[in-house]
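Please examine the sequence and the structure shown below before reading further. The report then treats selected parts in turn.

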Amino acid sequence: MDAIEVKEMVRARYGGIAVGTISDCGTSSCCGTSAAPSADSNSSQMGYSADELAAVPEGANLGLGCGNPQAIAAMQPGETVIDLGSGAGFDCLLAAKQVGPEGHVIGVDMTHEMLKKARDNATRVGAANVEFRLGEIEQLPIADNTADVILSNCVINLVPDKAQVFREAFRVLKPGGRLAISDVVNIRELTPELASDRALICGCVAGAAPAQSVRSWLEAAGFRDVLINVKPESRDLVASWAPGRGIENHVASAIIEGRKPRADEAGCCSTSCCG
C-alpha cells in the first residue's frame with residue numbers, strides 16, 4: 001500500500017468510528033470500536049484517573065489511545081495547547097480545564113465526522129477556550145510559534161511521513177515549547193503477515209517505528225532533551241488490540257518528550273528555532 005492508500009484507509013476508519021459504523025479494515029484495536037464502558041476501562045488502563053474520565057461528556061472518550069500524554073505535559077493556566085489527531089475531543093477537553101479560560105486549546109483532525117463530534121462535545125460542556133480545525137498533522141493549519149505544548153495520543157504511528165509530523169510540530173511550537181506524546185514504537189520487526197495486515201495498519205501496530213528512528217526524526221527537526229520511555233507494562237493492553245496475534249511481542253506503548261530550544265540558547269538561530 002502506498003502513503004495515499006494508507007491515509008485514506010485511516011480517514012475512513014476514523015470517520016466510521018465517529019458515526020458508529022466501521023470501515024472494512026479490521027475489528028478490535030487501539031483504533032477500534034470501543035463503546036463507552038470499555039472505553040473508560042481502556043483509558044483507566046492507559047493511566048487516566050477516574051476524575052479525568054468523569055470530567056468529559058459521554059462520547060468524548062472513545063478509548064482509542066495508548067497512554068496518557070496529560071500526565072507528562074505539565075500544562076499551566078494561560079498556555080496554548082495543540083492536540084495532533086484530536087478525535088472526539090477527549091484530551092482537548094481535559095487540557096482546556098488545565099489551561100483555564102485564559103488558555104487556548106486547538107485540536108486538529110483530518111475527519112469531518114470526528115470534528116463534528118468533538119465540537120458537539122465542547123459545546124455540551126461550554127468549553128469556550130477550545131477549537132477544532134480540519135487538517136492533516138503533516139501540514140498543520142496553524143501559524144508558526146503558536147503553542148506552548150503539543151499533545152498526541154496514538155496517532156503519529158498512523159502517518160506514513162512521521163518525520164514531517166515532527167517538523168510541523170517544531171514549527172508551530174513557541175521557543176521553549178514542549179512535546180508530550182503517547183504513541184507506539186516498534187520493539188521487534190513485524191512478520192510479513194502482520195506488516196501487511198490492513199487491520200493492523202490502521203490499528204496502531206503496523207505503522208509503528210523503532211524508538212531510535214523516532215529519536216532521529218525529532219532531533220533532525222530541531223528538538224532537544226528528547227526522551228523516549230518505552231512502557232513494558234503496556235504488553236497486556238497491546239495484546240488486547242488483536243488477541244492471539246502476538247503483536248505485544250512487536251510493539252509497545254511509549255512516552256515521547258522533546259523541547260524546542262529557546263531563542264537565547266546556544267546554537268539556536270532564528271530560522272530553525274523561532275520560525
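## Basis of the report

The model is predicted: local features need pLDDT of at least 70, side-chain atom pairs count only at pLDDT 80 or more, and totals for chains, interfaces and linings use all residues. Residues are numbered from 1 along each chain as its sequence is written, and side-chain values use heavy atoms, with hydrogens and water left out.

## Helix H1

Helices (H or I, at least four residues) and strands (E, at least two) are DSSP runs, numbered from the N terminus. Helix H1 covers residues 3-19, which is 17 residues. From its first C-alpha to its last it reaches 25 Å, close to the expected 24 Å; the expected span is 1.5 Å times one less than the number of residues. After H1 comes Gly20, with a positive phi near 90°.

Several residues of H1 are buried, including Val6, Met9, Val10, Arg13, Tyr14 and Ile17. Buried means under 20% relative accessible area, exposed over 50%, and partly exposed in between (1.4 Å probe, protein chains only). The cover over the buried residues of H1 includes helix H6 (112-124) and H9.

## Helices H7 and H10

Helix H7 (residues 162-172) packs against helix H10 (residues 211-221) at an angle of about 40°, and their axes are 9 Å apart. Axes are lines fitted to C-alpha atoms, for helices over the stretch in contact, and angles run from 0 to 180 degrees between N-to-C directions. H7 and H10 are therefore oblique to each other, since angles under 35 degrees count as roughly parallel, over 145 as roughly antiparallel, 65 to 115 as roughly perpendicular and the rest as oblique.

On the H7 side, Lys162, Ala163, Phe166, Arg167 and Phe170 meet Val214, Trp217, Leu218 and Ala221 of H10. Contact means heavy atoms within 4.5 Å. The residues of this contact between H7 and H10 divide into seven nonpolar, no polar and two charged.

Ser182 lies in strand E5 (residues 173-186) and is buried, with a relative accessible area of 0%.

Gly207 is placed in the loop between helix H9 (198-201) and strand E6 (209-210). Gly207 is also buried, at 17%. Not counting residues up to four places away in sequence, Gly207 touches Asn157, Lys162 and Leu200. The C-alpha atoms of Gly207 and Val251 are separated by 9.8 Å, although these residues are 44 apart along the chain.

Key:
Ala, Val, Leu, Ile, Met, Phe, Trp, Tyr, Cys and Pro count as nonpolar, Asp, Glu, Lys and Arg as charged, and the others, Gly among them, as polar.
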